[in-house]
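Subject: Structure handover

Hello,

Here is the structure I promised. My notes follow below it.

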Amino acid sequence: MIRSCMTLFFAALLVLCCSDGFAQYSSNTSAVGGVLVDAEGMLSLATADQLKTLENARLEAMQSIQKGLDQTADTRRISLKKLNGIAARCVAEGKAIPDSVKYLGGLTAIENVFVYPEENDIVLVGPAEGWTVGPKGVMVGKNSGKPIMLLEDLVVAIRSASGSERHVFAVSIDPTEAGLKTVHAYVSQIRAVTNASRVAKQLEEKLGNQVVTLTGVEANSHFAYVLAAADYRMKQISMGSTKSPVKSLTSFVPMIQSPEEANVLPRWWMAPNYAAITRSEDGLAWSLSGGSVVTLTETEMFDGDRLVKKTVGMSTAFQKWADLMTENFDALSKAEPIFGQLRNCMDCAMVAAMIAEGDLLEKVNDLEALLSAPEFTTSYPVPRMVPSTAVVAKKGGGFLFTNGGVSIDMWKPIQTARVAEDLKAGKYPVGKSWWK
């Protein structure tokens, strides 16, 4: 009896995901990557009209790009010491931070980090270009279309990583066990699904809101917002509740080939892959080139009382979709800029781990204004909840829901970085300006 109830429970859950008709946009809520978080912490998708309004507002507010920064560069060097000086002046004079500083000189990635203790400076190096307002109001490179690195994401990452404990930056969106128990009790009473729409509605109501759990990073920051929004969008794309903008990245649902695969809960999470990180012998020069984002998988079962994790990759279909997400991540990042913003946040997390592991804030003691001034970060509503909405699947006449997440463990890649004898900081490269 228990086995048959569990089979019906999971067969009766073949697509549970996030719908578009959630909380309405309010005037004091900003969209990040096309995702809204309202004052209560509820996630939803922005409408086309809302996004157009946001794009127009950002275009109108955008400052002229400083000469030189409007050019595409394979490498651009950004001095954190000099950015700190600008931060201090802006605070003292009550001025807003310039766009050129806010967007880190147009960096689209961080490939090298050079530390100059004698100069009290840390220099970030990476490809850069001029910027403009792109899809869904995200600032992107004029030529590449890649999201631009944000100073506030870097600042929050450094602050969040600077404590004595080594926390992973992560988000997870999951159903509550109380909601699962209620759904399990409801489904155990069903003998046949004669009205799929009504059952779907009941499942939505009984499961309740899914809970957003953030760890390691400041919960009201843009960085945290990006984590939650990227997780939310991955869940929608995987379940097919919104159409994937990349043709080769299909929904997971058609991949289910056996009843066994329909009887477990897929869980996917995105993580950084920085296998090629290298450093100099003295730890003052670092290379981050070749980093990527991978999607990993594991499966879970609900035993009637709690969720139980199973073996990673136990389902061929789950692993197949994870691999598909990994293969299409770069294309997805351009079509859905929230994923490109996530990639940028991972670079920022790696830099923050370097600084923390090397005690660089002690060696480079000239970043106080940059890291402490509240003017250089924005306070956002804290992501807390995602509504659970049941969607009838054509295949098997059942329903399924998925869990998801992002996990940025930046500590292990930094702690295990390979020493490269030819990697050195070299001559102090910035000069009079804060960039070169």
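Contact here means heavy atoms within 4.5 Å. Two points on how to read the rest. This is a predicted model, in which local features need pLDDT of at least 70, side-chain atom pairs count only at pLDDT 80 or more, and totals for chains, interfaces and linings use all residues. Residues are numbered from 1 along each chain as its sequence is written, and side-chain values use heavy atoms, with hydrogens and water left out.

**Alanine 352**

Alanine 352 belongs to helix α12. Helices (H or I, at least four residues) and strands (E, at least two) are DSSP runs, numbered from the N terminus. Alanine 352 has a relative accessible area of 1%, so it counts as buried. The cut-offs: buried is under 20% relative accessible area, exposed is over 50%, and partly exposed lies in between (1.4 Å probe, protein chains only).

**The chain as a whole**

The chain carries 15 helices and 20 strands. It has 436 residues, and 56% of them count as buried. Take the contacts between residues at least 6 apart in sequence: 79% of these join residues at least 24 apart. The accessible surface is about 18600 Å², with 50% of it belonging to carbon and sulfur atoms. Those areas come from the Shrake-Rupley method with a 1.4 Å probe; for residues, only the protein chains shown count as cover.

**Cores**

A nonpolar core is a set of buried Ala, Val, Leu, Ile, Met, Phe, Trp, Tyr and Cys residues joined through side-chain atoms within 4.5 Å. The largest one holds 108 residues. Leu83, Ile122, Leu124, Phe223, Met270, Trp321 and Phe339 have the most contacts inside it. Helix α12 (residues 337–357) gives this core its largest share, 14 residues. Another core lies apart from it, with seven residues, including Tyr116, Val123, Ala285 and Leu423.

Isoleucine 122 touches residues from several stretches of sequence, among them Ile78, Val113, Phe114, Ile355 and Leu367.

**Aromatic pairs**

Rings of Phe, Tyr and Trp (its six-membered ring) pair if their centres lie within 6.5 Å; planes under 30 degrees apart are stacked, over 60 edge-to-face, and the rest tilted. The count by this rule is eight aromatic pairs. In one of them, tyrosine 225 and tyrosine 380 have ring centres 5.3 Å apart and planes at 80 degrees, so the pair is edge-to-face. It links distant parts of the chain: tyrosine 225 sits in helix α8 (residues 222–239), and tyrosine 380, 155 residues apart, in the loop between α14 (368–372) and β16 (385–386). Tyrosine 225 is buried at 1% relative accessibility. Tyrosine 380 is buried too, at 12%.

Phenylalanine 252 and phenylalanine 318 make a tilted pair, 5.2 Å centre to centre with 50 degrees between the planes. Phenylalanine 252 is in the loop between α8 and α9 (259–262), phenylalanine 318 in helix α10 (residues 316–327), 66 residues apart. Both are buried. Phe252, Trp268, Phe318 and Trp321 form one aromatic cluster.

**Strands**

Two strands pair if DSSP finds at least two bridges between them. An open sheet of six strands runs β4-β6-β5-β13-β12-β20, with mixed pairing. β4 (73–79) and β20 (418–419) are at the edges with a single partner strand each, so one side of each has no neighbour in the sheet. β12 (residues 278–279) and β13 (residues 285–287) are antiparallel over two bridges. Here threonine 278 stands opposite serine 287.

Elsewhere, β10 (residues 210–215) is joined to β9 (residues 169–174) by five bridges, running antiparallel. Valine 171 has leucine 214 as its bridge partner. β10 also pairs with β16, again antiparallel, over two bridges. There, valine 211 is partnered by methionine 385. Gln210, Val212 and Leu214 form the covered face of β10; Val211, Thr213 and Thr215 form the uncovered one.

**Lysine 136**

Lysine 136 is in the loop between β7 (131–133) and β8 (139–141). Its side chain makes a polar contact with the side chain of glutamate 336, at 2.9 Å. A polar contact is a pair of N or O atoms within 3.5 Å; within protein, one must be able to donate a hydrogen and the other to accept it, and residues adjacent in sequence count only if both atoms are side-chain atoms.

Best wishes

Note on methods: Lists of a residue's contacts leave out its neighbours within four places in sequence.
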